[in-house]
Amino acid sequence: MLVASPAAAFFKRAAKDPNGAYELEEHFKPAMVKVPASWRVGSIRVLSDRFQLFHIRKRGLAWRVGVSLGEQGLDFKGRATIHRKAEWPRWTPTPRMLRRRPDLYAQYKGGLDGGDPRNPMGAAALYMAVNGRPTYYRIHGTNIPWSIGLAYETGCIKLRNDHMQMLYPHVKVGTRMLVT
């Protein structure tokens, strides 16, 4: 059953059968894959054009997973570090979101607690900073798992909740990342 949420309002095509089952395309399923040996162990790379996140586990080897990203102009590109982690984080729409879509986000201006099915942050969040300054961008779970491989609305990097729970314990505060 689809739970109404801010993110769900922007979902453009649900590849979902009437029974609620959804199968990820093979290149979005979690897998250990070979990567260039020059990619720093412990870091995260996001290849936006492929909708894939890589967490480098060993020299030349990474855990790969499919992601959902923000629409053009609402997405993040560049270098960042993970400055904070949270499980079942509280969510409040940003001032930019409230200005851009008050019809959608005003009802949530007081925020939603972690675990609320309408909370678009999902199971966990890795908060991003640039040059030591926190941003509004995060890597987090999503309450619309069939959005993997799509670009829509907000600019965070989103994984299925079960995949976020697989990534979360392996990422430390201070982890470097690059989004291209």
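Which residue's backbone oxygen lies 3.3 Å from a polar atom of the side chain of arginine 64? In this predicted model, that backbone oxygen belongs to lysine 29.

**Arginine 64**
- Arginine 64 sits in strand β4.
- The residue is buried but forms no salt bridge. Glutamate 26, the nearest side chain of opposite charge, is 6.1 Å away.
- Beyond four places in sequence, arginine 64 is in contact with Glu26, His27, Lys29, Pro30, Ala31, Val33, Gln52, Leu53 and Phe54.

**Glutamine 52**
- Strand β3 (residues 52–58) contains glutamine 52.
- Glutamine 52 counts as buried because its relative accessible area is 2%, and the cut-off for buried is under 20%.
- The side chain of glutamine 52 makes a polar contact of 3.0 Å with the side chain of arginine 50.
- With residues up to four places away in sequence set aside, glutamine 52 touches His27, Arg45, Val46, Leu47, Arg64, Val65, Gly66 and Val67.

**Nonpolar cores**
- The largest nonpolar core has 27 residues, of which Leu53, Met128, Ile139, Ile157, Leu167 and Met177 touch the most other members.
- Elements giving two or more residues to this core include β2 (44–47), β4 (61–66), β5 (78–87), β7 (133–142) and α3 (161–167).
- Strand β6 contributes the most to this core, with three residues.
- Leucine 167 touches Leu53, His55, Trp63, Leu126, Ile139 and Leu159, not counting residues up to four places away in sequence.
- Another core, of 10 residues, lies apart from the largest one and includes Trp91, Tyr108, Met121 and Tyr127.

Definitions and conventions:
Residues numbered from 1 in each chain as written. Predicted model: local features only at pLDDT ≥ 70, side-chain atom pairs only at ≥ 80, totals over all residues. Heavy atoms only, no water. Core = buried A, V, L, I, M, F, W, Y, C linked by side-chain atoms within 4.5 Å. Buried < 20%, exposed > 50% of the residue type's maximum accessible area, 1.4 Å probe, protein only. Helix = DSSP H or I, 4+ residues; strand = E, 2+ residues; numbered from the N terminus. Contact = heavy atoms within 4.5 Å. Lys, Arg positive; Asp, Glu negative; His and termini not counted. Salt bridge = Lys/Arg side-chain N within 4 Å of Asp/Glu carboxyl O. Polar contact = N/O pair within 3.5 Å; in protein donor to acceptor, adjacent residues only side chain to side chain.
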